[in-house]
Amino acid sequence: MVANSRAHEPLILPWRGPTLTVRFATLPRRTPAPTGGRPRLAPVTHRPPTDLVVAGLGPAGRALAFRAAAAGLSVTAVDVRPQRRWTATYAAWADELPAWLPAETVASHIGRPAVWTTGPRLLDRVYRVLDTARLQDVLDLGAVAVVRGRVRDVGSEGVVLEDGRRVCARYVVDARGVPADPQRAQQTAFGVIVDDATAAPALDGHDAWFMDWRRDNGTAPDDVPSFLYAVPVGDGRTILEETCLVGRPALDLGELERRLRVRLAARGVCTTGDERVERVRFAVEGAPTSPGVIGFGARGGLMHPATGYAVATALSTADAVVDAMRRGDDPQHVLWSARARSVAAMRQMGLRVLLRLDAHGAIEFFDAFFDLPVAQQRAYLSGRDDASGVASAMWRLFRVLPRPRRMTILRSLR
């Protein structure tokens, strides 16, 4: 990849109303900060607009800023805590990750993850858990002008900070994620990270559990369902996580912790209470953006609403968005082709179905889903342009499900 040979300072101006007058000055040539270090914090100064401003430096925003700068665009990124380190666990199917992502960002490689619905089965699809720290370092911001500040508004002309500063750009991207609003469907999870030997009794000899729906978590038949997600995260450690796939409202973290403790005790997993924990709560539905603003990542509707996966989609989509910007085109046409809109609509239907399923229904649903051919599983779970593949998977699933589940699907379409 070619590093940006010139770092442009962003336009950061006091905001005093709808009228803004700018005097442009000639920029001196600057050398980008060396890669691998901390993000370069931009000074508050009057400069011409950059090509791109990105609000939010989570995985989606950081990936887009990094790839845009590497392609030669001038980029400014705004975040309230741009130097914070990520701590969440990110994972993806291997065939979802872009070729430019270095192998060093993979913490563990699972050739055939297992699921348990009515019984155990192995999935013929490679799964990878990412090394969160290395992923963040690889998405280097040395060639990006970084502005620390809390965003008040994101509009078509730029980003307005709470202190009144304004950052202008030709393209404006909102990648701040989606607030965990109780009105939106959410995914929640509570997990503990233990050494592999401690986790072994929970895995029953498998490399990982992608979903384990067994009812040894202390729940009754009428309780909202949850499953065990158990995967190695590298360095001899495994995360054991009780997960509520989707809910409106989703299960609270205290209940998920209780279920996890019961499940682990039933399987002979001994914990001390001193383990590092992971608490997860996020909306699986996107949020609207202002006209002229490009939503990216979860904010832009790139999260799969029925699974909560979004990082791989952001990584694999970033270059197409950057290419559109370099051509002077509207990236929305790349992100939201007719096929992508169709796929998103069908997956929203899938979300409505999942929200209606009880524990028994969820087990029947996923038992039938993982019985589909791998190509149809992949079409539904991954990618954004195979509308016929998603429709085929959903139709086949509908045909093989028991009649009560088919009725649930039909009611979800009203």
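This is a predicted model: local features need pLDDT of at least 70, side-chain atom pairs count only at pLDDT 80 or more; totals for chains, interfaces and linings use all residues.
**Exercise 1**

Task: Work out how H7 and H11 are oriented to each other, and which residues form their contact.

Solution: 

Step 1. Locate the helices. H7 covers residues 338-356, and H11 covers residues 403-412.

Step 2. Read the geometry. The axes lie 9 Å apart, and the packing angle is about 125°.

Step 3. Classify the angle. Values from 65 to 115 degrees count as roughly perpendicular, and those over 145 as roughly antiparallel. H7 and H11 are therefore oblique to each other.

Step 4. H7 passes H11 in a right-handed crossing.

Step 5. List the contact. H7 supplies Arg352, Val353 and Arg356. H11 supplies Thr408, Ile409, Arg411 and Ser412.

Step 6. Sort by class. The contact of H7 with H11 has 3 charged, 2 polar and 2 nonpolar residues.

**Exercise 2**

Task: Do the orientation and the contact again, now for H9 and H10.

Solution: 

Step 1. Locate the helices. H9 runs over residues 374-381, and H10 over residues 387-400.

Step 2. Read the geometry. Their axes come within 8 Å and cross at roughly 115°.

Step 3. Classify the angle. The roughly perpendicular class spans 65 to 115 degrees. H9 and H10 are therefore roughly perpendicular to each other.

Step 4. H9 and H10 make a left-handed crossing.

Step 5. List the contact. From H9 come Gln376, Ala379 and Tyr380. From H10 come Gly389, Val390, Ser392, Ala393, Met394 and Arg396.

Step 6. Sort by class. The contact of H9 with H10 has 5 nonpolar, 3 polar and 1 charged residues.

Conventions: Residues are numbered from 1 along each chain as its sequence is written. Side-chain values use heavy atoms; hydrogens and water are left out. Axes are lines fitted to C-alpha atoms, for helices over the stretch in contact, and angles run from 0 to 180 degrees between N-to-C directions. Helices (H or I, at least four residues) and strands (E, at least two) are DSSP runs, numbered from the N terminus. Angles under 35 degrees count as roughly parallel, over 145 as roughly antiparallel, 65 to 115 as roughly perpendicular and the rest as oblique. A crossing is left-handed if the near helix is turned anticlockwise from the far one by less than a right angle, and right-handed if clockwise. Contact means heavy atoms within 4.5 Å. Ala, Val, Leu, Ile, Met, Phe, Trp, Tyr, Cys and Pro count as nonpolar, Asp, Glu, Lys and Arg as charged, and the others, Gly among them, as polar.
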